[in-house]
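Here is a friendly walk through one protein model, meant to be read with the structure open beside you.

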Amino acid sequence: MGSGASREKEQIGPTGIKDVHLSHALTEKYMGLSQHGKVQAEYVWIDSDYWDGHSFDLCCKTLTLPDAPISLDDIPIWTYSGDDAKDIVIVPRRTYRDPFRGGDNVLVLADTYEEPSGDEQDHGKATKFNARAACQAAMQQAEEIGEDPWFGFEQEYYLIDPKTKWPLGWPAGRYPDKDTAFYCSVGSTKVVAREIIEAHYRACLYAGVMIGGINSEVAPAQWEFQVGPASGTQGADDLWMARYILQRLCEEYKVGVTFDPKPVPKQAGIGCHTNYSNMATRSSPGGMEAIKKQCERLRQAHDKHISNYGIGNERRLTGKHDTAAMSDFSWGIGDRAASIRMGCKVAMRDCGYYEDRRPAANMDPYLVSQLLVETTLLRKES
Ligand code: ADP
Ligand code: MN
Ligand code: MN
Ligand code: MN
Ligand code: MN
């Protein structure tokens, strides 16, 4: 029972459930019914209880609201039961239009707290999976010193065949033609599942996620979308919501998605380059000088950053495939083999943003944003 071979024959997927196909047409019939002014609020939060480094542990559940919310205050604080039978408090932080249900329905990005221990107003301590609270605090401090940090993320991912766990469209256990260029490619011999990418792009625009663009990556079934530039925690919030939307779509298309930093041996890994700027780097003259100064601070804090930039990143940051080796820190203009890259235009204009190329695809953007701000803006000169 439950052996690999019998699973294969029965077509059972990696989590032990079988593929079930239902009728979309039948569902449509009911989704057309009026909801009579009531609004469905889908709360989305991060729970890393079951974090395995490959995927994210996003959770969601729905609450009916009496009418369309005007502000966050119209969306109640809610709870769910954590793993040790204790209630976890989920606090709404940002709302988006719901691309799955449409209409006035909303997606609600929330963060999590332990149950309050007395004062009803207070919602307890942030849970250990809530990196947003500390990120928000760092952004607040940056604001107090007159800075306005902006973030832009380049989220890479692989679409996966749920049965073989190998990239979608690849022959099982084998590699596609290594001499073909798949980056930004066009055509049925090179592109896998563009429908999902198009649906995701449009769903993000509809939701109000600041999606900046998409491109196919260096292997078939490897894709990238960009989020931002957005100020403070909004970049990280929007990236998490874009990840959620992607997971939901892949659920519908019955396709897997992975953010593991190196899902396929011997191929380029996947990252989440984090583009970053602040008042000092965006001001001319002197922006380039500020960038160099910040890079020196980042050099000092390299190990701390690396240890928070994603599980399994050592398999990706090898010094090959446009990465810098994990043990080294370097920066360079137009250099894709450096830890930090500034675009040539930034150097020419003497201001702008720079790209931290170290974060893995499975990083938490709250942690990465927080660390960038703390290291470059909040740390005392040592
Ligand atoms: P690459 O050449 O590295 O593939 P992309 O075009 O994929 O670059 O991504 C560029 C990223 O830079 C986008 O995520 C965008 O939001 C971000 N970005 C642009 N301007 C800024 C800025 N001023 N501050 C922070 N991020 C920025
Ligand atoms: Mn129950
Ligand atoms: Mn890119
Ligand atoms: Mn890329
Ligand atoms: Mn990049």
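Let's begin with alanine 230, which is buried because 21 other C-beta atoms lie within 10 Å of its own, where 20 or more are needed. Keep in mind that this is a predicted model. Alanine 230 sits in strand E8. Setting aside residues up to four places away in sequence, alanine 230 touches Trp150, Phe151, Met210, Gly235 and Asp238. Proline 149 is 81 residues away from alanine 230 in sequence, yet their C-alpha atoms are 8.4 Å apart in space.

Is proline 229 buried or partly exposed? Proline 229 counts as partly exposed, because it has 18 C-beta neighbours inside 10 Å, and a buried residue needs 20 or more. Not counting residues up to four places away in sequence, proline 229 touches Trp150, Phe151, Gly152 and Asn275. Tyrosine 276 is 47 residues from proline 229 along the sequence, and the two C-alpha atoms are 8.3 Å apart.

Another cis peptide bond runs from serine 284 to proline 285, and its omega is near 0°. Proline 285 is in the loop between helix H6 (279-282) and helix H7 (287-300).

**Two residues with positive phi**

Next come two backbone angles. Alanine 193 has a phi near 65°, a positive value in a residue other than glycine. This alanine 193 lies in the loop between strand E6 (150-160) and H4, and it counts as partly exposed because 18 C-beta neighbours are found inside 10 Å. Aspartate 350 likewise has a positive phi, near 65°, and is a residue other than glycine. The loop holding aspartate 350 runs between helix H9 (344-349) and strand E13 (354-356). With 15 other C-beta atoms within 10 Å, aspartate 350 is partly exposed.

Now for the interior. In soluble globular proteins, nonpolar side chains tend to be buried together. The largest nonpolar core in this model has 83 residues, and those with the most contacts inside it are Val44, Val108, Val209, Met241 and Ala242. Which helix gives the most to this core? Helix H5 (residues 234-253) does, with 9 residues.

Valine 44 belongs to strand E1 (residues 39-46). It counts as buried because it has 23 C-beta neighbours inside 10 Å. Apart from neighbours within four places in sequence, valine 44 is in contact with Leu58, Cys60, Leu107, Val108, Leu109, Ala110, Met241 and Tyr244. By contrast, alanine 360 is 316 residues away along the chain, and its C-alpha atom is separated from that of valine 44 by 22 Å.

Alanine 242 has its own set of partners: with neighbours within four places in sequence left aside, it is in contact with Gln155, Cys204, Val209, Ile211, Phe225 and Val227.

| Helix pair | Angle between axes | Axis separation |
|---|---|---|
| H4 (residues 194-207) and H5 | roughly 135° | within 10 Å |
| H3 (residues 132-144) and H10 (residues 365-378) | about 30° | 9 Å |

The axes of H4 and H5 cross at roughly 135°, which makes H4 oblique to H5. The crossing of H4 and H5 is right-handed. From H4, the residues Ile196, Ala199, His200, Ala203, Cys204 and Ala207 meet Met241, Ala242, Ile245, Leu246, Leu249, Cys250 and Tyr253 in H5. Sorted by class, this contact of H4 with H5 has 12 nonpolar residues, 1 polar residue and no charged residues.

The crossing of H3 and H10 is left-handed. Arg132, Ala134, Cys135, Ala138, Met139, Gln141 and Ala142 in H3 meet Tyr366, Ser369, Gln370, Val373, Glu374, Leu377 and Leu378 in H10. By class, the contact of H3 with H10 has 9 nonpolar, 3 polar and 2 charged residues.

Methods:
Residues are numbered from 1 along each chain as its sequence is written. Chains are lettered from A and ligands numbered from 1 in the order in which they are written. This is a predicted model: local features need pLDDT of at least 70, side-chain atom pairs count only at pLDDT 80 or more; totals for chains, interfaces and linings use all residues. A nonpolar core is a set of buried Ala, Val, Leu, Ile, Met, Phe, Trp, Tyr and Cys residues joined through C-beta atoms within 7 Å. A residue is buried if 20 or more other C-beta atoms lie within 10 Å of its own, exposed if 12 or fewer, and partly exposed in between; C-beta atoms are placed from the backbone. Helices (H or I, at least four residues) and strands (E, at least two) are DSSP runs, numbered from the N terminus. Two residues are in contact if their C-beta atoms, placed from the backbone, lie within 7 Å. Axes are lines fitted to C-alpha atoms, for helices over the stretch in contact, and angles run from 0 to 180 degrees between N-to-C directions. Angles under 35 degrees count as roughly parallel, over 145 as roughly antiparallel, 65 to 115 as roughly perpendicular and the rest as oblique. A crossing is left-handed if the near helix is turned anticlockwise from the far one by less than a right angle, and right-handed if clockwise. Ala, Val, Leu, Ile, Met, Phe, Trp, Tyr, Cys and Pro count as nonpolar, Asp, Glu, Lys and Arg as charged, and the others, Gly among them, as polar.
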